[in-house]
Amino acid sequence: SHVWNMQKLLISMGMILVMLEEQVSNNEWLALHDELTGLPNRRLFGERFAGAIEHSQRMKSRLALIVLDLNGFKAINDSLGHQAGDEVLREVAKNLSESVRTADTLARHGGDEFTLIASDLRDKHSVERLREAIQDAVERPILSDGQRMVVTASIGIAIYPDDAEDTAKLLRIADQRMYSLKQKPTPQLNIKPDLMSSRSA
């Protein structure tokens, strides 16, 4: 009976350790990722950005930092509620993830702002193609609660080493470029009832 109790104790301790280990790795993941979209958060983005700059310096290659901010996002929260807003952010994050290379880092920077680090870009054409892919991904129609939505984004891009050579300057330049687009009149949020389902009926 003493041996049996010892075995039970060891099994229990083993289970507790496994649970603690899972909890620790879960907490580590949460510390570096955005809970809503599962994307890297600002902290992990900062680490990856510094690493990407070092890589570009070593390889003497170009890197693009892309900052994008959804247009009229407040209108979604105001007219359809925060749940719809969260759903739009999740869908945009998923569509963006599918349209960028696995080696690139896509992060949610907070609110309705996303950032992307794209390394080893050959030339300006690669940057332009990437910008178009991002725009297409953002503007892919989203279905939410019977509503078909098309959101747009203001996109700012800064290139290493052409624009600047350190992370803070690159972020500032990309931000300024994004905000200057934000000042221009942008298409209003496009919300329509979903006609696709009635068409297929």
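**Exercise 1. In which helix is Met6 found, and is Met6 buried or exposed, or in between?**

Before we start: this is a predicted model, where local features need pLDDT of at least 70, side-chain atom pairs count only at pLDDT 80 or more, and totals for chains, interfaces and linings use all residues. Residues are numbered from 1 along each chain as its sequence is written, and side-chain values use heavy atoms, leaving out hydrogens and water.

*Solution.*
- Step 1: Met6 lies in helix H1, residues 2-32. Helices (H or I, at least four residues) and strands (E, at least two) are DSSP runs, numbered from the N terminus.
- Step 2: The relative accessible area of Met6 is 42%, so Met6 is partly exposed. Buried means under 20%, exposed over 50%, and partly exposed in between (1.4 Å probe, protein chains only).

**Exercise 2. Find the strand that holds Ser119 and list what Ser119 touches.**

*Solution.*
- Step 1: Look in strand S3, residues 113-121.
- Step 2: Ser119 is buried because its relative accessible area is 14%.
- Step 3: Leaving aside residues up to four places away in sequence, Ser119 touches Ala52, His55, Arg62, Leu63, Arg101 and Asp104. Contact means heavy atoms within 4.5 Å.

**Exercise 3. Work out which residues of helix H3 are buried and which are exposed.**

*Solution.*
- Step 1: Within H3 (residues 73-80), the buried residues are Phe73, Ile76 and Asn77. They span an arc of only 95° around the axis, so they sit on the same side of H3. The arc is that of the directions from the helix axis to the C-beta atoms.
- Step 2: Lys74, Asp78 and Ser79 are exposed on the other side of H3.
- Step 3: The buried residues of H3 pack against strand S1 (62-70), helix H4 (82-99) and strand S5 (147-150).
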